[in-house]
Amino acid sequence: MVPRVVFGQGSFSQLKDILLPKRKNADAPFIFLVDDFFEDKDFVSRIPLMFNDQVIFVSADEEPKTAQVDALVSRIKEQFDESPSGIIGIGGGTLLDLAKAVAILLNNTGLAKDYQGWDLVSRPAVYHVGIPTISGTGAEVSRTTVLLGPEKKLGINSDHTTYDQVILDPDLAVTVPKEQWFYTGMDCFIHCVESLTGSYLNAFSQSYGEKAMELCKEVFLGDIPETESRDKLMMASWHGGMSIAYSQVGIAHAMSYGLSYLLGTKHGIGNCLVFQHLEEYYPEGVVLFKQMLEKHQIELPQGVCSNLTQDDFDIMVNVSLGMEPLWENALGEDWKKIMTPERLQALYQKI
């Protein structure tokens with residue numbers, strides 16, 4: 001679990017006080033990985049830089065890649081003689097996952113792709129802080145950092161991945177565009193559906209999942225003020241991420257990974273593209289999802305898979321079916337008899 005968390009409007013202003021005791025010396029910088037959306041914005045001036053601290057702006061237009069992690073680690077090691085005092089990720093799921101991965105690779109040998117899987121990290125990460133500027137992914141609380149590798153899209157799942165400190169400031173989500181707000185929020189909603197209906201469910205996970213689901217319904221089906229909505233979606237993301245940490249996701253995430261690997265489809269919208277066609281597996285969840293789409297007048301892209309070759313479908317199916325724990329959570333131990341490659345391809349063809 002994340003050992004320290006600060007929540008509240010304006011809580012970003014506490015970052016300087018939080019980091020000060022963690023600074024090793026003047027030559028060991030804090031590295032801030034920041035979504036390039038904030039470049040040239042007033043927000044950057046609020047980042048508490050000292051000595052040789054550095055801000056690195058990173059685009060979130062594409063999913064984080066293992067090669068990108070390796071490049072950032074090399075850049076930091078080349079520029080500084082001492083290991084950083086800490087890595088601070090500021091942005092959405094992409095930036096939060098990148099910061100977690102960079103913190104791990106700074107203290108472990110090899111390449112990022114070597115750690116894609118479960119419990120492969122042997123040494124603790126560099127001190128790292130997560131500051132989400134959009135809510136829904138649960139990346140701020142999860143024990144994974146999902147990366148596109150040369151052969152697969154898979155997380156670095158380990159006890160060393162989790163952030164040492166998180167700052168949840170709902171004010172940072174004020175600038176999020178409507179569609180992005182919706183797609184990322186649906187990542188949280190779909191987390192809840194998949195966790196609460198899965199075979200891995202336990203009372204611990206269920207308690208978080210049910211609370212996150214309740215908050216999602218308030219935010220996306222209720223009529224509450226914007227400030228309250230931001231507060232509640234930030235907490236829904238936290239609770240949804242906690243629920244997943246102690247259970248697992250399911251079919252929508254497994255299929256979204258395939259879309260992302262082949263087409264570069266971003267995670268939130270990828271989940272939505274898949275989830276609309278999963279009535280057979282998540283009937284109540286899909287009904288609610290379609291109500292949310294209608295209420296917020298969101299139109300999902302059409303024909304995303306219409307021009308794909310058989311080779312393309314084979315790649316997506318293989319990547320997706322490689323996510324064995326997700327399928328087992330969704331369909332039970334005999335999932336391979338239920339979700340054949342042909343059946344999975346038929347689902348992709350609907351998108």
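How do the residues of the lining of the second largest pocket divide into nonpolar, polar and charged? Before I answer, please keep in mind that what you see is a predicted model. The lining of that second largest pocket divides into eight nonpolar, four polar and three charged residues. Those 15 residues include W181, V219, E226, S229 and R230, which lie nearest the centre of the pocket, and helix α6 supplies the largest share of the lining, namely four residues. The space in this second largest pocket comes to about 300 Å³.

Turning now to the largest pocket, we find about 1100 Å³ of space, and of the 49 residues that line the pocket, G93, D97, T137, D187 and H267 are the closest to its centre. By class, the lining of the largest pocket has 20 nonpolar, 20 polar and nine charged residues.

Let me move on to the cores. The largest nonpolar core has 58 residues, and the members that touch the most other members are F189, M255, F275, L278 and W327. Helix α4, which spans residues 178–196, gives the most to this core, with eight residues. Another core, of 38 residues, lies apart from the largest one, and L96, A99, V121 and W238 are among its members. Coming back to W327, and leaving aside its neighbours within four places in sequence, this residue is in contact with I251, A254, M255, S320, L321, G332, W335, M339 and L344.

Is H253 buried or exposed? H253 counts as buried because its relative accessibility is 3%, and the cut-off for buried is under 20%. The side chain of H253 makes a polar contact with the side chain of D187, at 3.1 Å, and D187 is, as I said, one of the residues closest to the centre of the largest pocket. Not counting residues up to four places away in sequence, H253 touches D187, I190, H191, E194, H267, N271 and L326; among these, H267 is also one of the residues closest to the centre of the largest pocket.

Terms used:
Residues are numbered from 1 along each chain as its sequence is written. This is a predicted model: local features need pLDDT of at least 70, side-chain atom pairs count only at pLDDT 80 or more; totals for chains, interfaces and linings use all residues. Side-chain values use heavy atoms; hydrogens and water are left out. Buried means under 20% relative accessible area, exposed over 50%, partly exposed in between (1.4 Å probe, protein chains only). A polar contact is a pair of N or O atoms within 3.5 Å; within protein, one must be able to donate a hydrogen and the other to accept it, and residues adjacent in sequence count only if both atoms are side-chain atoms. Contact means heavy atoms within 4.5 Å. A nonpolar core is a set of buried Ala, Val, Leu, Ile, Met, Phe, Trp, Tyr and Cys residues joined through side-chain atoms within 4.5 Å. Helices (H or I, at least four residues) and strands (E, at least two) are DSSP runs, numbered from the N terminus. On a 1 Å grid over the protein atoms alone, a cavity is a set of points where a 1.4 Å probe fits but cannot get out, and a pocket is an open set with protein on both sides within 12 Å along at least five of seven lines; lining residues have an atom within 4 Å of a point. Grid points are joined across faces, edges and corners, and a volume is the space filled by probe spheres set on the points. Ala, Val, Leu, Ile, Met, Phe, Trp, Tyr, Cys and Pro count as nonpolar, Asp, Glu, Lys and Arg as charged, and the others, Gly among them, as polar.
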